[in-house]
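Biologist: Could we go through this model together, beginning at the surface and then turning to the spaces inside?

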Amino acid sequence: MEDCYKDRTSLMKGAKDIAREVKKQTVKKVNQAVDRAQDEYTQRSYSRFQDEEEDDDYYPPGETYNGEANDDEGSSEATEGHDEDDEIYEGEYQGIPSMNQGKDSIVSVGQPKGDVHKDRQELESERKLIIQECGHGRFQWALFFVLGMALMADGVEVFVVGFVLPSAETDLCIPNSGSGWLGSIVYLGMMAGAFFWGGLADKVGRKQSLLICMSINGFFAFLSSFVQGYGFFLFCRLLSGFGIGGAIPTVFSYFAEVLAREKRGEHLSWLCMFWMIGGIYASAMAWAIIPHYGWSFSMGSAYQFHSWRVFVIVCALPCVSSVVALTFMPESPRFLLEVGKHDEAWMILKLIHDTNMRARGQPEKVFSVNRIKTPKQIDELIEIESDTGTWYRRCFVRIRTELYGIWLTFMRCFNYPVRDNTIKLTIVWFTLSFGYYGLSVWFPDVIKHLQSNVLPIEKIEREKFSNFTVNLTIANELHIGAEYDNGRFLGIKFKSVTFKDSVFKDCTFKDVTSVNTYFKNCTFIDTVFDNTDFEPYKFIDSEFHNCLFFHNKTGCQITFDDDYSAYWIYFVNFLGTLAVLPGNIVSALLMDRIGRLTMLGGSMVLSGISCFFLWLGSSESMMVGVLCLYNGLTISAWNSLDVVTVELYPTDRRATGFGFLNALCKAAAVLGNLIFGSLVSFTKSIPILLASTVLVCGGLVGLRLPDTRTQVLM
């Protein structure tokens, strides 16, 4: 052996042999300890199996076991020694029922000799799914609510930026040129996060990936409520979006892998309701918190903590709750089987079984699976230079290796047999996201456009005012070429007021607050500014002659106690989110009855047709009604698309494929926001025809996807 290692040409082969042998011996020792710990739980079950084997009642009459008996059949040694010869497990966790135990129990996963002589239909009727023996009960419902909180956090993240944007623009003194970045930066973070965390979930596990990404989201979402600078706020929301981007692909992959086939479609649809609940939660909290500008405090003039920051903290609570609850949940047993950790998978499956049986009042019922076949694993030897490399070099090599592995897994999504499905799903995800998010942005912009037509800006041109005092609120006015001589502006509030080419002489501004107010090309002569919030950026190309500034406020002020427009915005979003409740209920009840594809294609086509009702929207109330109808129809398409996507990918690519498609969804949303946002002031026909066309085309492509209603997970 030593001569072999001296030969440099055989160094790598020898290293691989040692790694394989060490792994085998370590697993044997660990499994022996696990088996001893489990004896108290499974002694009755194992003794029954041994008695049946001794009585030759294990196999049906006329069949014999092709091999020698193994007393340690329940341990990993029975399978570990046959890794090179065992078959890869098919579909769901499969087992062969014992004739003595009836159809409800599963004894082991093996390869009876009589299988080759049986008809395929007869063999499939004899096989049972292990996950069916585990049952559907308390464990699945507990995981349902835990993962639902994570999905709820994703829904909150989508809505929270739109709700805080008006207040954040004011509080952080965001210029008009930079306000669009806040809405786009979150989607960019979610796009990158969906791809990265989805790929990582196929490498390190569903639970591990979800815990990390939700922790990142919660930390930076909480931190963003305290920062004062706009740049740092953008950075925090970017990383918050990057974290929450992994929620959807990981949550659906995780939950689908602990559901039996007949329960999968319905319960995945019920899980989708938490995204709607997140939207309702965000709308209700915004409605209750943000307009209350009195919920604030300040530390000097530099640090301001207003009500919208309280809203951001409250919106981080679902994420924090999901992280805490997720620490008590186990890893997906299907993922553990995929990576060869069959002993851990067996223990988790037994945990699921025992939890559900105790909830049913049957604690004496034992978990009768004692051996699970696993896929063949390819041993990998990665040199991280643990002896000579520095810590940062080891980290770099590890990160590079993981990223390369994620990329390889992603490329396998375009290999046979899932290549065609990936292409079709790409088209459906892009068209649905483009049409849905595009119109979702277009609706409120159109409502604002209607409101602006009702309340036009008052224009005052070339007028002269002398010896006056103003202490009222001035809003929505444009002053052009005006002259103000010996004027006093005391305790005044400026809202969306612009002074252009105007002259102020011997004037006084005292205790003044302003939002969206600018002085363009104005001249100030012998003017005093006392306790105002006029920042330098509000004076554009303006001149000052012998002017004085006292106690100037730093930061922008939110003091609009009489501004109730926020209530209307939040109420509209609340109604639009609540309108998807009937669609969620219908999709959950009919998902397994009419099929995923019928619901997907039908919902997208009906959504495209409903776009034509926009021509009737000539008022705010009618536009809100059409928005509710549109949201109610599209939610069924989203739910069925989530279910189909999970079911079309095998376990080793499920989260990666879902993450890629979800990232594409966010890219289409950004594109839809840009295109539809630029069409607000134009005719309605272009957005209506564009949205209707993409939705109908996507629905027709969705009908060409394979039907996954009756198939097990690959």
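Biologist: Is W407 buried, partly exposed or exposed?

Modeller: In this predicted model, W407 belongs to helix α16, which spans residues 391-412. Buried would require under 20% relative accessible area and exposed over 50%. Because W407 has a relative accessible area of 44%, the residue counts as partly exposed.

Biologist: Which residues make the nonpolar surface patch, and what is its area?

Modeller: W407 contributes to this patch together with Y404, L408 and M411. The nonpolar surface made by these four residues comes to about 420 Å².

Biologist: Which element gives the largest share of the lining of the largest cavity?

Modeller: The largest cavity is lined by 21 residues, and those closest to its centre are I248, W275, Y437, W638 and D642. By class, this lining holds 14 nonpolar, four polar and three charged residues. Among the elements that give two or more residues are α17 (419-454) and α21 (620-648). The largest share, six residues, comes from α21.

Biologist: And which element gives the most to the lining of the second largest cavity?

Modeller: The second largest cavity, with a volume of about 80 Å³, has residues including E157, N217 and R237 in its lining. Two or more lining residues come from each of α6, α8 (206-224) and α12 (307-315). With four residues, the element that gives the most is α6.

Notes:
Residues numbered from 1 in each chain as written. Predicted model: local features only at pLDDT ≥ 70, side-chain atom pairs only at ≥ 80, totals over all residues. Heavy atoms only, no water. Patch = residues over 30% accessible without salt bridge, like charges linked within 9 Å, V, L, I, M, F, W, Y side chains within 5 Å. Areas by Shrake-Rupley, 256 points an atom, 1.4 Å probe, with all protein chains shown as cover. Salt bridge = Lys/Arg side-chain N within 4 Å of Asp/Glu carboxyl O. Buried < 20%, exposed > 50% of the residue type's maximum accessible area, 1.4 Å probe, protein only. 1 Å grid on protein atoms, 1.4 Å probe; cavity = no way out; pocket = protein on both sides within 12 Å on 5 of 7 lines; lining within 4 Å. Nonpolar A, V, L, I, M, F, W, Y, C, P; charged D, E, K, R; others polar. Points joined across faces, edges and corners; volume = space filled by probe spheres on them.
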